[in-house]
Every structure is written in C-alpha cells, then in structure tokens.
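Welcome, and please open your viewer. We will go from one selection to the next, and at each stop you will hear what is there.

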There are 2 protein chains.
Amino acid sequence: MDNLTQQMAQAFDMAPIGMAVSNHRVLGVCNTFFAQMLGYDRRDLLGQSFRILYPSHAEFDRVRDIGLKTMEDHGSYSDERMMQRKDGVPVWCRFRARTLTPDDPLAHLVMSFAQIYDQVDGGQLTKREREVLSWLSRGQTSKEIGRELGLSPRTIEDVRARLLRKFEVKNTSELLSRMSYARPRG
Amino acid sequence: MDNLTQQMAQAFDMAPIGMAVSNHRVLGVCNTFFAQMLGYDRRDLLGQSFRILYPSHAEFDRVRDIGLKTMEDHGSYSDERMMQRKDGVPVWCRFRARTLTPDDPLAHLVMSFAQIYDQVDGGQLTKREREVLSWLSRGQTSKEIGRELGLSPRTIEDVRARLLRKFEVKNTSELLSRMSYARPRG
DNA sequence: ATCATATACGGTATCAATACCGTATAAACA
DNA sequence: TGTTTATACGGTATTGATACCGTATATGAT
C-alpha cells in the first residue's frame, strides 16, 4: 500500500473545503466537509444523483449546461451557485470543477465547493435578494438592475438596503468581499 | 489496495484548487494545481519549507502567528494572503487551513489555496495597489483609507482608478467580486 | 536622454449610493 | 386579528465614486 496515496486520500477527506467527484452527475466520492456542509452523512451521498443537492430540477438542468462549453474548451469551470442542504436551507457556494474527460466533460468531474457566507442569523436570503446580489457582483448599478428586472431603481435600492442590514456591512463593497468566503461573524 | 482510497487520492491530485499538507511548516504532499500555481514541479516541493513560498522571512513569520489562536479554538482558519511564485511573482490567494492536531496546530495542517485573481496582463499590482485593495475589501471609503495611510483622499482615488483600469472593471463592486476568484479574462 | 509608469495632490462636474421621509399591498405567523 | 416582513414605489438630502482637467517628482526601461 502506497503511503503517499494514503496521505493524499487523508488530505482530500480532511480538506478545509468541500470536495466531490462525479460521474455523469452521480456522486462518486466526497469528503467530510462536503457532506457536513450539505447536512448529510457521507455514506448516504455515495452513488446518489447530484439532483438532490439542488433546489429544483430546473436548477439542476441549468447548472449542467452553463459550464459545459467552457469545460470542453479549457477543462475547468467556476461559478457561484446555490446548493440545497438536506433540511432545505440553501447554501451559496463558489463552485470549481475540472473534468478528467474533456470530450465528455460530465463523465468524470472533480469539484470543489467553498461556502460563500455563513448563515445570516435566523434567516436566509429571499429570491429577490439573491437575484439582485448576483447582478451587483457583476458591477451593475441600481438603475441597470432595475431595467434588467423590470423594476424601479428605487425598489432595487430597497433590496440593497436589506442586504446591507442582513450582513451588517456598511456598503456594497464590503458586502461583495464578505460574499467571497465564510467569515466568523462579529 | 483500497479502491476508494485511490479515488480520493486522485481527486486530491486533480482538484481545481491548490491543496497541500504541512508538518511543522514543512510541505508533506501537495497537488498538481498547487505546484503549477506556484511555478514548481511537484516533486521539487516535497520536503521543502514553506518559507520558499513567501516573499520574505518576515511575512513567513507573520502568517504563522495570525491564525494560530483561531486554529487552537476552532480547528480551522482562513484569510487572504500573498504567496510568491518560483519566478518571484506574487500570487494572491484565499487561504484555508484545518489542523489535525489542535493542541499544536502547525504539527499537521491541511490547506487549500484558491488563486484570487489571474495575472493582470503584463503587470502585477504594486504594493500601494494591494494595500488600498485590502482596505477597500473592508468597505472603507477613500477618505477613510487616506486617513489610515496618511495620504490625501485624492491619491486613494488615483490608486482606485488604476485598479479599475488594470482589471477592466467599471466600479469597485465588480472589482471586489472579481477578486474572489480567478476568472477567464474578457 | 527620452518615455512610460507609479506616486501624490488640487479642482470640478456628474452620477451613484445611502439614508431618511412617506404610502401601499401581500404573505406569513402567532 | 393584529404584527411582522418582503415587495414595490415616490421624494429628498447627503455623501461617495468616478471621470475629467491640471502639476510635480521619482523610478525604471529602452
């Protein structure tokens, strides 16, 4: 038994970030962090479809398509996405993937999932809040987001204000940098 | 030979993020991404001190101390830090660590390193730019940063403008969300 | 030596962000 | 049934951000 192989396997399991391997969207291996982040026992996830980790079938289909072309071209892909914990609570992650089979990217994928923010005390974000947040991270102004969503810029400012309150930050810059990783609160 | 162990080891090696294990600040194992990110051949890193991956001895000592207490208390720690590539080019990373030995955190560490931004074409960031960036990510205004660094707010605005140009983004929000992970350019 | 760039600073103009004031509706909840 | 919260919108006032105009010094590269 190769000692190096065992060390690497242990490092995978104990990594401070969620990791998983999938074959055609079926979970092969995952590590402890990944299972814990999503509220499962690690053994219950083996052989399961990734479908159960997404809030809806539509979202499950959407995330399949968005990175495909990038992975065919570059072998890897990254985005921010919403996962669903076992108890239904959404978890926002920085998702990274590398395919070991560029011709058929989904055949063999190695993925990492970095939880983006801690649970906001008590409540999660509403759909509107997540929607606005994702436009904000592209640098869009309230006016632009309003046009995009068919709403008054004033309404977008309301959503922004709620986001700032929930995360206890003083402006959008601090909000967006806080989104990049889970930080101890306070 | 355990098949699961081998799969986990392969996942470690092919992960789309830098990973490494250290014992008392000496590198045990690392994966392909980690070695590539820092410009080394993976075999050259085994058994090396982490010292060579930091720009100075002072920085090497600093990063040892800042997470120690948090790791003793929580077993894990995360920050943003500057690493140094083999050719001397600085690499900014989201650093995450979990200790397997909470009593003596540095005895056995599993770490992940997510590169925060791609090389800005041609040039890296200057010290001043990085310095201002780190204050921006805490939501500080130009006026506040100016006070902090003993400079005119006007000068901070110049540095901001350079940052926006270098990253080809249109405002600070987009800049800070771009900082959170390496993204294909363009 | 010239050129480019980073640094540092001043002014001014415009737009965006934030924080308030207010109203109103709908859903969730005790 | 009242209370809270999210949603959506209007106005207004203040502060911040960004983009220009300009000058000046220092440094490093060609």
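A contact here means heavy atoms within 4.5 Å. In chain A, residues 24 or more positions apart account for 44% of the contacts with a separation of 6 or more. You are looking at a predicted model, in which local features need pLDDT of at least 70, side-chain atom pairs count only at pLDDT 80 or more, and totals for chains, interfaces and linings use all residues. Residues are numbered from 1 along each chain as its sequence is written, chains are lettered from A and ligands numbered from 1 in the order in which they are written, and side-chain values use heavy atoms, with hydrogens and water left out.

**Stop 1: the whole of chain A**

Select chain A and switch to a cartoon view. Chain A holds nine helices and five strands; these are DSSP runs, with helices being H or I of at least four residues and strands E of at least two, numbered from the N terminus. Their order along the sequence is α-β-β-α-α-α-α-β-β-β-α-α-α-α. The C-alpha trace spans about 65 × 40 × 25 Å along its principal axes.

Now colour 3–115 as domain 1 and 127–178 as domain 2, bounds that come from an automatic or database domain assignment. Their C-alpha centres lie 28 Å apart.

Of the 186 residues in chain A, 49% are buried. Buried means under 20% relative accessible area, exposed over 50%, and partly exposed in between, using a 1.4 Å probe and protein chains only.

**Stop 2: helix α7 of chain A**

Select residues 142–149 of chain A, which form α7. Which residues of this helix are buried? They are A:S142, A:I145 and A:G146. They sit on the same side of α7(A) because they cover an arc of only 105° around the axis, the arc being that of the directions from the helix axis to the C-beta atoms. Show α6 (127–136) and α8 (153–167) of chain A as well, and you will find the buried residues of α7(A) packing against them. On the face turned away from the buried side, look for the exposed residues A:K143 and A:R147. Just after α7(A), A:G150 has a positive phi of about 65°.

**Stop 3: two loops in chain A**

Go to A:H24, in the loop between β1 (18–23) and β2 (26–30). Its phi is near 50°, a positive value in a residue other than glycine. Then pick A:E168, in the loop between α8 and α9 (172–178). A:E168 also has a positive phi, near 55°, and is a residue other than glycine. With 54% relative accessibility, A:E168 counts as exposed.

**Stop 4: chain B**

Select α6 (127–136) and α8 (153–167) of chain B: they pack at an angle of about 95°, with their axes 10 Å apart. Axes are lines fitted to C-alpha atoms, for helices over the stretch in contact, and angles run from 0 to 180 degrees between N-to-C directions. Where does B:I116 lie? It is in the loop between β5 (109–115) and α6 of chain B. B:I116 is buried, with a relative accessible area of 2%.

**Last stop: both chains**
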